[in-house]
Amino acid sequence: MTARVDRSRCVGSGTCTQIAPDLFVLEDGTARVLAPGEPGSRAVRDDDRTAADVEEAVESCPVQAIEGGPA
Amino acid sequence: MTAVELDLFSPAAVADPYAVFDHLRDTDPVHWSPRYRSWIVTRHADVSAALRDARFSSDRISPFVDAKLSGPDADPALRQTFAVLADWMVFKDPPDHTRLRRLLRTAFTPRSVAALEPRVRALSDELLDAVAGAGRADLVGSYAYPLTAAVIAEMLGVPAADRDLFKGWSDSISALVFAGLGTPERYERAADGMLELRDYLGDLAERATRDPGDDLVSALVQARDDDDSLSHDEVISTGVLLLFAGHETTTNLIGNGLLALLQHPDQRALLESGEVGIGPAIEEFLRYDGPAKTVVRQMAVDVELGGQVLRAGQRVFLCPPSANRDPAVFARPGELDLTRRENPHVGFGFGLHYCLGAPLARLEAGVAIPAVLDRLPGLELDPAAELSWAPVLLSRGLTGLPVRWRS
């Protein structure tokens, strides 16, 4: 499972970074997806836990700036 | 503006803050106001930079409580009142803010909120049924205000019979939080109202502990997140915050939005014909004349902003309405244009304190505004009435919206 953040929509509420701090990070006030291998980044992403976290982030984002996708 | 002292409470500035903001933005965008002992920040770039910068601290109540309300002479009612405010997450920085907000997050996701739409619609219909035959009404006092109060009261789990009690209490909190032109007596009355509300919510929380329902107070009581939970006092404080935040500001979004439409028949026609959807229209209402007039921060450390040095401990007023009419970001910023594609307004703020209730406010306004246009044919401003704005610093809202229609 992977995710994409539309940074032009993102308002930096930190919702996704609270749900999964090892998948999302706030940078200069807006969120982006941590690349695999970055420090603090989640290594395994093809599991149910990641799918659930991404789904929660997609649904919780107050401005619907996150899209989920296949790994 | 540097020669003439800035007065945001002058009748002219209360009626039209935009002239003051335009002038400040052009001449002194990070302005020190001796009158308010605060910086006034008016450019979009500076406001949005400050909103996402942790050095602009939100923890501005506890220093006040420590300095003014901790001595032996401090008024006990006022001290208890501010103790309630001090637990509000809007006055917290991380990690306290993160903890409180995380516990509320699921209640305010776009999906959770969408489930409320039928109730919002039913409440809106009920209120419009009550006035439709009259041909005239104050749409703030008899529609927007009771609608938003009923929605948040239902969400909190307040029985319908007790809902009228909430109006008086909500007024009390507004007086305290919005720093209006208050007298000491008014402050004391407001403090009394706040304590009544605190006790009421305390009872509600105890009931929810014994017999939890499908409401927000029950959710707060049961909230468990990584073994964390809210204390009894935090449940009450958060309930007060939700009542207040869910009520006043959404009322003003609906009131200001309706006024903007009534003053711009061409734009209203775009909405009524379906050429523009209510979604983008609401974003434009938030930009053009949104409910948040200033957002207060306190400097945690010295920071340079727009060529000025803001010193640790100094207060800062960030002005979203000014940012939202910054010509550096918005073409024809003074025009209501429901067809704008890009609309990066900061009407709901930006950053970690971005309005938690934004999806709910969007839903309520998205139901309430079209319902008025549908149900009240030939709607227009009452030509005999004069509009007046609440003389408060933090919010922008009408004291009433007198209208008439064919009945």
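Two strands are taken to pair when DSSP finds at least two bridges between them. In the predicted model described here, β1(B) and β2(B) meet that criterion with four bridges, and the two run antiparallel. Within this pair, B:His31 lies opposite B:Ile40 of β2(B). The two strands make a hairpin with four residues between them, and B:Arg37, in the turn, has a positive phi of about 45°.

The partner of β3(B) is strand β5 (residues 295–299) of chain B, joined to β3(B) by two bridges in the antiparallel sense. Here B:Ser57 has B:Gln298 of β5(B) as its bridge partner.

B:Leu381 finds its bridge partner of β10(B) in B:Val403.

Helices of chain B show how side chains are placed relative to the rest of the fold. An α-helix has 3.6 residues a turn, so residues three or four places apart point the same way. In helix α2 (residues 17–27) of chain B, the buried residues are B:Pro17, B:Val20, B:Phe21, B:Leu24 and B:Arg25. These residues cover an arc of only 130° around the axis, which puts them on the same side of α2(B). B:Ala19, B:Asp26 and B:Thr27 are exposed on the other side of α2(B). The cover over the buried residues of α2(B) includes α1 (11–15), β1 (30–33), β2 (38–41) and α16 (320–323) of chain B.

B:Ala191 has its place in helix α11 (residues 184–210) of chain B. Is B:Ala191 buried or exposed? With 22 C-beta neighbours inside 10 Å, B:Ala191 counts as buried, because the cut-off for a buried residue is 20 or more. Leaving aside neighbours within four places in sequence, B:Ala191 is in contact with B:Ala77, B:Leu78 and B:Thr81. B:Val303, by comparison, is 112 residues from B:Ala191 in sequence and 35 Å from it in space, C-alpha to C-alpha.

Taken as a whole, chain B has a secondary structure of 17 helices and 10 strands. The radius of gyration of chain B is 21 Å, close to the 22 Å that the globule rule gives for 407 residues, so chain B is as compact as a globular protein of that length. The C-alpha atoms of chain B fill a box of roughly 60 × 60 × 40 Å along the principal axes. Of the 407 residues in chain B, 46% are buried. Among contacts in chain B with a separation of 6 or more, 73% are between residues 24 or more positions apart.

Chain A has two helices and four strands, and from the N terminus on, these elements run β-α-β-β-α-β. Its radius of gyration is 11 Å, close to the 11 Å that the globule rule gives for 71 residues, so chain A is as compact as a globular protein of that length. The C-alpha trace of chain A spans about 30 × 25 × 15 Å along its principal axes. Buried residues account for 34% of the 71 residues in chain A. For chain A, 55% of the contacts with a separation of 6 or more link residues 24 or more positions apart.

The two chains meet where 11 residues of chain A are in contact with 13 residues of chain B. On the side of chain A that touches chain B, α1 (15–19) and α2 (48–60) of chain A each supply at least two residues. By type, the residues on this side of chain A comprise two nonpolar, eight polar and one charged.

Notes
Residues are numbered from 1 along each chain as its sequence is written. Chains are lettered from A and ligands numbered from 1 in the order in which they are written. This is a predicted model: local features need pLDDT of at least 70, side-chain atom pairs count only at pLDDT 80 or more; totals for chains, interfaces and linings use all residues. The radius of gyration is taken over C-alpha atoms; the globule rule is 2.2 Å times the number of residues to the power 0.38. A residue is buried if 20 or more other C-beta atoms lie within 10 Å of its own, exposed if 12 or fewer, and partly exposed in between; C-beta atoms are placed from the backbone. Two residues are in contact if their C-beta atoms, placed from the backbone, lie within 7 Å. Ala, Val, Leu, Ile, Met, Phe, Trp, Tyr, Cys and Pro count as nonpolar, Asp, Glu, Lys and Arg as charged, and the others, Gly among them, as polar. The arc is that of the directions from the helix axis to the C-beta atoms.
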